[in-house]
Amino acid sequence: MTPFGALIWAKQRIAVHTIASVRGESKLKVTLVSAAAVAMWFGLFRMSQLGFRLFETFFAEILGDAGLSFSDLVMSRLLASFAFALLVLLTFSNLLVSYATLYRSREMPYLVQSPVPVATLFLGRFVECVSFSSWASAFLGSPLLLAYGIETAAPWTFYPAVVLFFLPFVIIPAALGTAATLLLVRVVAGHRRRVLPALAALVAVAVALFILTPERVDPPNLADPSSLAGVVQAMGSSQHPLLPSQWLAGGVFAAATGDLAEAGFSLLLLASNAALLLWLATLLAERVFYPGWSDLLGADEQSGPKPSHGGIFSKLDGLTRWLPEPYRSLVAKDVRTFWREPTQWSQFLLLFGIMALYLANMRGDVAAIDRATWQAWGTLLNLAASMLILASLTSRFIYPLISLEGRRIWILGLAPLTMRQLVRQKYWFSVSTTAFFTLGLATLSSLRLDLDAFELAVSLGTVAATTFALSGLAVGLGALYPNFEEDNPSRVVSGLGGTLNFFLSMLYILVVTGLLAVVLLTARLGSISDGAHSALTAACFAVVLGLTLVATWLPLRLGMRHLETMEL
Amino acid sequence: MIETTQLHKRFGQKVAVESLDLDLATGEFFCFLGPNGAGKTTTIKMLTGLIRPTSGRARVGGVDVQQDPVAAKRLLGYVPDHPFLYDKLTGREMLRFVAGLYRMDVAEFHRRVDSMLETFELAQVADQLVEHYSHGMRQKLSFACCFLHQPKVVVVDEPWVGLDPKNIRAVKQFLRQRADEDGLTIFMSTHTLSIAEEVADRIGIIHRGRLLHVGTVEEIKALARRRQEHQLGGSLEDVFLELTRDEEAYGP
């Protein structure tokens, strides 16, 4: 067996044993998670199907007998926009995943000291990066593309073509992201103090320029078909012929329309560029991986003990002075360990950037839709978005908190501190930190939407309730399914408990959004009397409140009980 | 088999290892002693190719670790203080993985694997997942992984952690036997001075990155006796504590 074969074989055996270990898990848990995954996949499929039908109908009405079809005009652009977004997301995702995989995973010292050439080691780890960063794209993209194929009555060749296109496509952002990581580590590792501020300033300038000079596109006015031109043109900007996303979109579109020659050309274009980029990334790895690795280990040695005076963390003790012990020490420890782990705060900043983009793109009214309807829908969609961002925060950063106590949990186990207190601390830590962001986001976005008092109250009240509920779910399930063996929070999250937390959070958001839709849309669209609407509002909020109490109390109680009875 | 020439490592302003010169012969059992933070692990990391020296060179079996790392590492076996093992592989699968990394012939692997499992008393649990192993069993598996490809040089970093007295004796005897019978060169970093005293052909004492003394156990003890007017207690522990307490007074 070659070293590359050994690396892949080991991962394959690990996957087999991990899947087999599911047999040892609770049947209820496995059934629940599987059912939720299947439901989510079918939900996405159905939503995509309905979305494509809506587009078809909408554009058929607008275009009338202009001699153009929906597919001709919009579909290729829609696919290109989707592929471009995927390209950008996967590049960033690979940048982070490759740092963890190439430089921070526990097996790397063992692999680096073994007689494996750097290129082989890099390629073995690259396969892992691609799989780890791209599985979600396959899971979320497959229902969309299947719905597209069915709705456009694509020939059978479309389906295998999509699968064939996927692999070379995901290699391109993986090669780009990994190459960026290799270069960043090489440049930054040995000179952190000099390079990091310059890099941070560069990123800040880029973000400011991006936000301050947006290319605004007015939404189409339904009464004026000519307003579509701007939207269609803007969507076309993701169709630049040099973009790999366009090769994917163009190829898939060609396969859907039966143009196999064009599809084949796009596939070869993707595959050849993927191979070239992977080759270049491997050459780069051969040159810079080992020096970067060595400097990073050296930087870890240098970092040593920091002076206790000065710096941002010195203020932490003052800020938490009002908290009683042991909560104060636990909160200070959680904040410090979070900010000293680059993979944690870099992903947090990414999420924060998405929130900023979201806010920058909000507007108070749209010419095409009357103000009342826009505000009702705007409130509802804004709330759903705020809740989804909150779910991302709790699923990614809060759920792993207890697991990240890791092998050090015995310190807490021996301390005069009950597990109940530990869970309570994590819960209130979660509520206070996530509320700062989500209530801030909800307030700012409501102001941008120019909502009236009722809608503002509904927004803030719902976000506050959701903060309590999703924190309860994340902390409770984190305590119920702790993984003290894993140091990587991304891997903790991808376990069964993390998946269950994510799906239950989504379920909560779905139910609450549905109830809010009843409250907001019936009020704005004036379909019932004021009295009946008040009663309906009260009933809906009673259900939201009940649901919030259950989502908070039950997982926390189960989690506390589990930690109290488990052997540390 | 291990040769370092003016091997130097600096982390920023801190000198971790200062101009280290070592020359270990074939079949030599060398124990590297020093207090925490003395530079033992940094030296091991340079010998195993985990980090680059700031200057100087390290050779294993005549091969420069930086110039031809793959060839050098092929001659080397390494047991770290906290060995990495894949929890979701069985012991046998872990060994097969290691065989792949070292490009071992399949027939050779099958011939060696059972003897390794027997030697380290892992045959009964070879097909269980490593996650079910005790700490001692993990340590023994890491030894089996190290010796599977029949290295010419073995670097061992504090190998006794988690082993019971019976296993400590077994590992000690195994290492001594390999050095005597197979000509294996062993570079062992340890804090367990009594074991070093028992098994080492030569001992090196490092403190604050500088190699203070190299010699046989008797030479080190004699050196301390000569430099101090009064006689020490006689054990290596006494000598070690005295040398690393006040090394400025003695000098290398």
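Analyst: The cover over the buried residues of α4(B) includes α3 (91-101) and α5 (135-148) of chain B. This is a predicted model: local features need pLDDT of at least 70, side-chain atom pairs count only at pLDDT 80 or more, and totals for chains, interfaces and linings use all residues. Residues are numbered from 1 along each chain as its sequence is written, with chains lettered from A and ligands numbered from 1 in the order in which they are written.

User: Which residues of α4(B) are called buried, and what makes a residue buried?

Analyst: They are Val113(B), Met116(B) and Leu117(B). A residue is buried if 20 or more other C-beta atoms lie within 10 Å of its own, exposed if 12 or fewer, and partly exposed in between; C-beta atoms are placed from the backbone.

User: What span is expected for α4(B), and what does it reach?

Analyst: The expected span is 1.5 Å times one less than the number of residues. Helix α4 (residues 106-119) of chain B has 14 residues, with 20 Å expected and 20 Å reached from first C-alpha to last. Helices are DSSP runs of H or I, at least four residues; strands are runs of E, at least two; both are numbered from the N terminus.

User: Where does α4(B) bend?

Analyst: At Arg112(B), by about 25°. The bend is the angle between axes fitted to the seven residues ending there and the seven starting there. Just after α4(B), Glu121(B) has a positive phi of about 55°.

User: How do you know that the span of α20(A) agrees with its length?

Analyst: Its 36 residues (530-565) should span 52 Å at 1.5 Å a residue, and the end C-alpha atoms are 52 Å apart, so the values agree. Its buried residues include Cys540(A), Val544(A) and Leu563(A).

User: Why is chain B called as compact as a globular protein of its length?

Analyst: The globule rule is 2.2 Å times the number of residues to the power 0.38, and the radius of gyration is taken over C-alpha atoms. For 252 residues the rule gives 18 Å; chain B has 19 Å, which is close, so the label holds. Of those residues, 46% count as buried. Chain B has ten helices and ten strands.

User: Which strands of chain B are edges of the open sheet?

Analyst: The order is β2-β1-β4-β5, with antiparallel pairing. β2 (14-24) and β5 (63-64) each pair on one side only, making them the edges. Two strands pair if DSSP finds at least two bridges between them. β4 (residues 55-60) and β5(B) have two bridges, so they pair.

Notes: Two residues are in contact if their C-beta atoms, placed from the backbone, lie within 7 Å.
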